[in-house]
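Here's a quick tour for anyone meeting this structure for the first time. Have a look at the model, then read on for the salt bridges, the core, the aromatic pairs and a few surface spots.

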Amino acid sequence: QVQLVESGGGLVQAGGSLRLSCATSGRTFSSYAMGWFRQAPGKEREFVAAISVSGTMTYYADSVKDRFTVSRDNAKNTVYLQMNSLTPEDTAVYYCAAGKYTTVVRRAYEYWGQGTQVTVSS
């Protein structure tokens, strides 16, 4: 079992940056692929980024490619999402998730955090 807790959300102006953190507990963090998803009001939860167990492979949604960077520090049991050049369309609740596979598929992830709100003003 894995417990996930996101932090780092907040209010930022368009063009600004935020770094989200997802702290995990449990003894097997390094065995899980990690993903970031987001959900805006009236929208389905959508894929943002994913990172493999080793951290050597990453995947991004087209909407965030070249602006967001996902990374992980297995020694600290933490995954990060660096978000740059933010726009109001990035406003959403951001969730981290853990699963067996590095994938964009929401249902493939077994464990989810509670989410952290990111609001980008224009």
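R67 counts as buried because its relative accessibility is 17% (buried is under 20% relative accessible area, exposed over 50%, partly exposed in between, with a 1.4 Å probe and protein chains only). Keep in mind that this is a predicted model, where local features need pLDDT of at least 70 and side-chain atom pairs count only at pLDDT 80 or more, while totals for chains, interfaces and linings use all residues. Residues are numbered from 1 along each chain as its sequence is written, and side-chain values use heavy atoms, with hydrogens and water left out.

**Salt bridges**

- A search of the whole structure turns up four salt bridges (a side-chain nitrogen of Lys or Arg within 4 Å of a carboxyl oxygen of Asp or Glu).
- One of them joins the side chains of R67 and D90, at 2.8 Å from N to O.
- R67 sits in the loop between β6 (58-60) and β7, and D90 in the loop between β8 and β9, so this pair ties together parts 23 residues apart in sequence (strands are DSSP runs of E, at least two residues, numbered from the N terminus).
- D90 has 1% relative accessibility, so D90 counts as buried.
- Through shared partners, salt bridges join R38, E46, R67 and D90 into one network.
- The side chains of R38 and D90 meet at 2.9 Å, N to O.
- R38 lies in strand β4 and D90 in the loop between β8 and β9, so that bridge connects parts 52 residues apart in sequence.
- K65 and D62 form a salt bridge too, at 3.0 Å from N to O.
- K65 counts as partly exposed because its relative accessibility is 41%, and D62 counts as exposed at 66%.

**The core**

- Which residues touch the most other members of the largest nonpolar core? Among its 32 residues, they are M34, W36, V48, F68, L81, M83 and Y94 (such a core is a set of buried Ala, Val, Leu, Ile, Met, Phe, Trp, Tyr and Cys residues joined through side-chain atoms within 4.5 Å).
- Strands that each supply at least two residues of this core include β3 (18-25), β4 (33-39) and β9 (92-99).
- Leaving aside neighbours within four places in sequence, M34 is in contact with residues including L4, C22, F29, I51 and Y109 (contact means heavy atoms within 4.5 Å).

**Aromatic pairs**

- There are five aromatic pairs (rings of Phe, Tyr and Trp, the last by its six-membered ring, with centres within 6.5 Å; planes under 30 degrees apart are stacked, over 60 edge-to-face and the rest tilted).
- Y32 and Y111 make an edge-to-face pair, 5.9 Å centre to centre with 80 degrees between the planes.
- Y32 is in the loop between β3 and β4 and Y111 in strand β10, so the pair ties together parts 79 residues apart in sequence.
- F37 and W112 form a tilted pair, 5.1 Å centre to centre with 55 degrees between the planes.
- F37 belongs to strand β4 and W112 to strand β10, 75 residues apart.
- F37, F47, Y109 and W112 form one aromatic cluster.

- V104 lies in the loop between β9 and β10 (109-112), and V104 counts as partly exposed because its relative accessibility is 46%.
- D73 is in strand β7, and D73 is partly exposed because its relative accessible area is 25%.
- Not counting residues up to four places away in sequence, D73 touches F29, T78 and Y80.
- D73 and G55 are 18 residues apart in sequence and 8.3 Å apart in space, C-alpha to C-alpha.

Key. Helices (H or I, at least four residues) and strands (E, at least two) are DSSP runs, numbered from the N terminus.
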